Amino acid sequence: MPNETRRGVLGLIGAGLAVAATPAWALDTTQAKALIQKSLDEVYAVINSGRPPAQMYREFEAIFTRYADVDIIARSALGPAARAAAPAEFAAYKQAFQGYIGRKYGKRFREFIGSKIEVTGAKPVKSFFAVTSTAYLKGRSPMEVEWHVSDKSGKSRYFNIIIEGVNMLASERAEIGALLARRKGDLAGLTADLQQAG
């Protein structure tokens with residue numbers, strides 16, 4: 001699968017994992033599947049709304065912010081530099097990161113008009129649920145997708161997506177790492193770049 005298509009699928013699902021703010025221990029597999037299907041339905045409503053791109057990007061960023069474990073994803077993407085960052089410096093980076101995610105993946109969403117993702121199963125794995133699904137895109141072979149939901153933040157949130165062996169955390173860690181290296185480790189510079197990127 002081309003990298004851009006894989007990135008688009010990761011972004012679509014990343015924006016759509018609107019898992020309700022319910023403790024993971026209160027969920028069973030049926031509820032987990034239902035919650036994720038409902039969230040994907042909401043994402044498709046935005047995709048098919050016909051709204052201007054900039055408005056859709058803001059909506060996808062808002063979904064990501066509400067339902068993803070943004071802190072964990074942002075820290076993982078930043079890597080060791082996250083531990084060395086001052087709180088205010090990290091907060092500015094995290095704000096820029098979530099906007100970057102909304103724009104970056106939002107630009108790929110037009111490809112998903114007329115497509116669908118079916119949730120096929122869910123199972124507990126150690127401290128989280130692994131939910132499986134199949135993505136059907138026009139003119140392409142079906143793709144198996146898995147995402148991970150945890151309550152480590154105190155609410156059920158998704159923190160990783162795996163599609164065809166590629167996971168979101170690893171992908172973003174590589175991209176953010178390259179941007180930070182280009183800035184010679186300057187987090188403020190990376191934050192400025194993220195505010196313009198995507």
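Is lysine 116 buried, partly exposed or exposed, and at what relative accessibility? Here are some notes on that and on other spots in this predicted model.

1. To take the opening point directly: lysine 116 has 43% relative accessibility, so it counts as partly exposed. Its salt-bridge partner is glutamate 118, with 3.2 Å between the closest N and O atoms. Glutamate 118 comes out at 33% relative accessibility, so that residue is partly exposed as well.

2. The structure has seven salt bridges. Another of them joins the side chains of arginine 51 and glutamate 59, at 3.0 Å from N to O. Arginine 51 is partly exposed at a relative accessible area of 33%, and glutamate 59 is partly exposed at 22%. There's also a network of salt bridges that links Asp71, Arg75 and Lys94.

3. The pair I'd look at next is lysine 104 with glutamate 172, where the closest N and O atoms of the salt bridge are 2.8 Å apart. Lysine 104 belongs to helix α6 (residues 87–106) and glutamate 172 to helix α7 (residues 168–182), so this pair ties together parts that lie 68 residues apart in sequence. Both lysine 104 and glutamate 172 are buried.

4. On to α6 itself. This helix has 20 residues and spans 28 Å from first C-alpha to last, close to the 28 Å expected at 1.5 Å a residue. Its buried residues include Phe90, Tyr93, Phe97, Tyr100, Ile101 and Tyr105, and also Gln98 and Lys104.

5. Now the largest nonpolar core, which has 49 residues; the ones touching the most other members are Leu78, Tyr93, Phe97, Trp147, Ile176, Leu190 and Leu194. Helix α6 supplies the largest share of this core, at seven residues. In soluble globular proteins, nonpolar side chains tend to be buried together.

6. The sheet is open, with five strands in the order β1-β2-β3-β4-β5 and antiparallel pairing. At the edges stand β1 (116–125) and β5 (166–167), and each has a single partner strand, so one side of each has no neighbour in the sheet. Further in, β3 (residues 143–150) and β4 (residues 157–163) pair in the antiparallel sense over six bridges. Serine 150 has arginine 157 of β4 as its bridge partner. Helix α7 packs on the sheet and touches β4 and β5, with its direction at about 90° to that of β4.

7. Finally, helix α4 (residues 70–78), which is where serine 76 sits. Is that serine buried or exposed? Serine 76 has a relative accessible area of 15%, and because the cut-off for buried is under 20%, serine 76 is buried. Leaving aside residues up to four places away in sequence, serine 76 touches Leu169 and Arg173. After α4 comes glycine 79, with a positive phi near 75°.

How values were computed
Residues numbered from 1 in each chain as written. Predicted model: local features only at pLDDT ≥ 70, side-chain atom pairs only at ≥ 80, totals over all residues. Heavy atoms only, no water. Salt bridge = Lys/Arg side-chain N within 4 Å of Asp/Glu carboxyl O. Buried < 20%, exposed > 50% of the residue type's maximum accessible area, 1.4 Å probe, protein only. Helix = DSSP H or I, 4+ residues; strand = E, 2+ residues; numbered from the N terminus. Expected span 1.5 Å × (residues − 1). Core = buried A, V, L, I, M, F, W, Y, C linked by side-chain atoms within 4.5 Å. Pairing = 2+ DSSP bridges. Contact = heavy atoms within 4.5 Å. Axes fitted to C-alpha atoms, helices over the stretch in contact; angles between N-to-C directions.
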